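Please read each point with the structure open.

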Amino acid sequence: MCRLFGVTHFDLSRHEALIKGFCDLALNGAVMPGDPPGHLDGWGLALYREGKLEVHKSGANLLEETDRLWDLLQRTPFSPVLILHLRKSAWKGSSTARHAHPFQYGNVAFAHNGVVYGYERLLPAITLPGLKPDALDTEVFFYHVMSGAQTHDLGQAFLGTAGLIKREYRYSALNTLLTDGARLFAYRDSTKEPDYYSLFTAREKDSVYISSEPLSETLMWTPMDNEEFLEIPV
């Protein structure tokens, strides 16, 4: 249960207001009926510096660490793709940098909004090393995708894992941002609360934006359909 934001052709001088708007969702973002306000259980940033993926994560409330975020962005003010994630944890005791999104494998970053129940059943099909025993649903989801990506295109590997989960698992949503630095993939799929498990797209000049919620009244935001998958070249 989180908030997602992705942008292609990131330029801090152009996108500062959108980043600030997304940060505000840590306190003011939509939540499911009956849930307390806030997405305060960690945050993460993925961007590329000279073609190499950098992921920075924290288990703290972003609103208490905005100086750190802006320092990171000022150090890398341009990136072909940027992903930001605000976490509202579904798993007790997991508000740590270790469990914050995005997750990284090589030059690929993965962020997710939703819960996959019984995700442990995905473990036997994971062929990649490095998955720790305390991995939760999103990290297992990601490693399953990356195992498939050893023999298939990254987008097809993602759809293969998502299709398996859809057929055989109970889940709230599979809303995902995934990037290899050359493409930004976005997928929206929810089984409940469509007003919460939403993704919107907008375009401006050479940038494409994907966000859990519209971030600016000056842009035309279009809701993604359920089960819609986008592959956006950079």
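Over the ring of which residue does the charged end of K57 sit?

1. The charged end of K57 lies over the ring of F103, at 4.2 Å from its centre. K20 is likewise placed over the face of W70, 5.9 Å from the ring centre. Here a charge sits over a ring if NZ of Lys or CZ of Arg is within 6 Å of the ring centre and within 35 degrees of the ring normal.

2. On provenance, the model is predicted: local features need pLDDT of at least 70 and side-chain atom pairs count only at pLDDT 80 or more, while totals for chains, interfaces and linings use all residues. Residues are numbered from 1 along each chain as its sequence is written, and side-chain values use heavy atoms, with hydrogens and water left out.

3. Rings of Phe, Tyr and Trp (its six-membered ring) are paired if their centres lie within 6.5 Å, with planes under 30 degrees apart counted as stacked, over 60 as edge-to-face and the rest as tilted. By this rule there are 12 aromatic pairs. F110 and F142 form a stacked pair, because their ring centres are 5.0 Å apart and their planes stand at 20°. Since F110 belongs to strand β6 (residues 108-113) and F142 to helix α3 (residues 137-148), this pair ties together parts that are 32 residues apart in sequence. Helices (H or I, at least four residues) and strands (E, at least two) are DSSP runs, numbered from the N terminus. Both F110 and F142 are buried, where buried means under 20% relative accessible area, exposed over 50% and partly exposed in between (1.4 Å probe, protein chains only).

4. The rings of Y196 and Y197 make an edge-to-face pair, because their centres are 4.9 Å apart and their planes are at 75°. Y196 is buried at 3% relative accessibility, and Y197 is buried at 1%. One aromatic cluster is formed by Y105, F110, F141, F142, Y143, F158, F185, Y187 and F229.

5. Helix α4 (residues 154-168) has 15 residues and spans 21 Å from its first C-alpha to its last, close to the expected 21 Å; the expected span is 1.5 Å times one less than the number of residues. Among its buried residues are L154, F158, L164 and I165. The cover over the buried residues of α4 includes β6, α3, β7 (175-179), β8 (183-188) and β12 (228-233), contact meaning heavy atoms within 4.5 Å. At the start of α4, a side-chain oxygen of D153 comes within 2.9 Å of the backbone nitrogen of G155.

6. H101 and P102 are joined by a cis peptide bond, with omega about 0°, and P102 is in the loop between β4 (78-87) and β5 (103-105). H9, a residue other than glycine, has a positive phi near 55°; H9 lies in strand β1 (residues 2-11) and is partly exposed at 28% relative accessible area. E193, also not a glycine, has a positive phi of about 40°. E193 is located in the loop between β8 and β9 (200-204) and is partly exposed at 33%.

7. How many disulfides does a search of the whole structure find? The search finds 0 disulfides, a disulfide being a pair of cysteine sulfur atoms within 2.5 Å. For C2, the nearest cysteine sulfur is that of C23, 15 Å away. C2 is buried, with a relative accessible area of 3%, and C23 is buried at 5%.

Note on methods:
A polar contact is a pair of N or O atoms within 3.5 Å; within protein, one must be able to donate a hydrogen and the other to accept it, and residues adjacent in sequence count only if both atoms are side-chain atoms.
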